[in-house]
Amino acid sequence: MRLKELSERSGVSTATIKYYLRERLLPPGERVSATQAEYGEEHLRRLRLVRALIQVGRVPVATAREVLETAEDESLSQNTRMGAAVWALPHGSEPAEDDPETEEARRQVDALLERLGWTYGQELGDTSPAYGMLVAAIASLARLGYPHETDHLLLHARLAAELAVADLDLVEKYGGSPTERIEAVVALTVLYEPVLLALRRLAETEESGRRFTD
């Protein structure tokens, strides 16, 4: 398809597509003349991913390019490529190393991962942005006097494990090739996290209504 059709089918303006091409977020089309190129279904799929990253995930262009480059690096294993691509996405606060609660929170995270048998998380430790996010979150809970013990967090962790199975089942179904699966895990991470937050709040609204409405 030509640029105009790509724009019509993707819902992305031609000016924006040209910008994505200049920024190397979209691979160039196949040249058919000095001024025209043809594009395929892979360009449509890539445009969906770029829109998920930039418009929904609010990922900066430079970070989006890093995510896409990682997804295409065939020298890495599929698991490494998927993990590295997700790691490049924006994350929450990092642990404050000058906070006295941080070291205890780190011990709690290690104990939680041990209880769960999450060996990959244990091996990655501080190199994982998600590990750091959890350490920072538990330190904040402890500092403000809210429940944060390992036993209290186990229920949330086990529910997260069930969600992970469903998420990866969807990734395998959605993506055919390794590159498509990596694109899928990035897009679905960005698009489904707001869904999970919204569903949790709606569920809490229902439970609150059952418990506390006279």
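Is R106 buried or exposed? In this predicted model, R106 counts as buried, because its relative accessibility is 10%, under the 20% that sets the limit for that class. Its partner gives a contrast, since E103, which forms a salt bridge with R106 with the closest N and O atoms 3.3 Å apart, counts as partly exposed at 41% relative accessibility. Both residues lie in helix α6, residues 100-116, and they are three residues apart, about one turn of the helix.

D151 is exposed, with a relative accessible area of 56%, whereas R115 is partly exposed, at 48%. Going back to the pair I began with, E103 and R106 belong to one network with E97 and D126, joined by salt bridges that share partners.

A search of the whole structure finds 12 salt bridges, and one of them that I would like to show you is formed by E23 and R65, with the closest N and O atoms 2.7 Å apart. This pair links distant parts of the chain, 42 residues apart, with E23 in the loop between α2 (14-22) and β1 (30-31), and R65 in helix α4, residues 61-71. Here R65 counts as buried at 15% relative accessibility, while E23 counts as partly exposed at 23%.

Now to R143, which has its place in helix α8, residues 129-144, and counts as partly exposed at 44% relative accessibility. Leaving aside residues up to four places away in sequence, R143 touches D99 and E101, and its side chain makes a polar contact of 2.2 Å with the side chain of D99. R143 and A160, on the other hand, are 17 residues apart in sequence and 24 Å apart in space, C-alpha to C-alpha.

Finally, the nonpolar side of the surface: V56, L170, L191, Y192, V195, L199 and L202 form a nonpolar patch there, with about 570 Å² of accessible area together. Which helix gives the most to this patch? That is helix α10, residues 178-212, with five residues. V56, also a member of the patch, is found in helix α3, residues 41-56, and counts as partly exposed at 42% relative accessibility.

Technical notes. Residues are numbered from 1 along each chain as its sequence is written. This is a predicted model: local features need pLDDT of at least 70, side-chain atom pairs count only at pLDDT 80 or more; totals for chains, interfaces and linings use all residues. Side-chain values use heavy atoms; hydrogens and water are left out. Patches are made of residues with over 30% relative accessible area and no salt bridge: like charges are joined within 9 Å, nonpolar side chains (Val, Leu, Ile, Met, Phe, Trp, Tyr) within 5 Å. Accessible areas come from the Shrake-Rupley method with a 1.4 Å probe; for residues, only the protein chains shown count as cover. A salt bridge is a side-chain nitrogen of Lys or Arg within 4 Å of a carboxyl oxygen of Asp or Glu. Helices (H or I, at least four residues) and strands (E, at least two) are DSSP runs, numbered from the N terminus. Buried means under 20% relative accessible area, exposed over 50%, partly exposed in between (1.4 Å probe, protein chains only). Contact means heavy atoms within 4.5 Å. A polar contact is a pair of N or O atoms within 3.5 Å; within protein, one must be able to donate a hydrogen and the other to accept it, and residues adjacent in sequence count only if both atoms are side-chain atoms.
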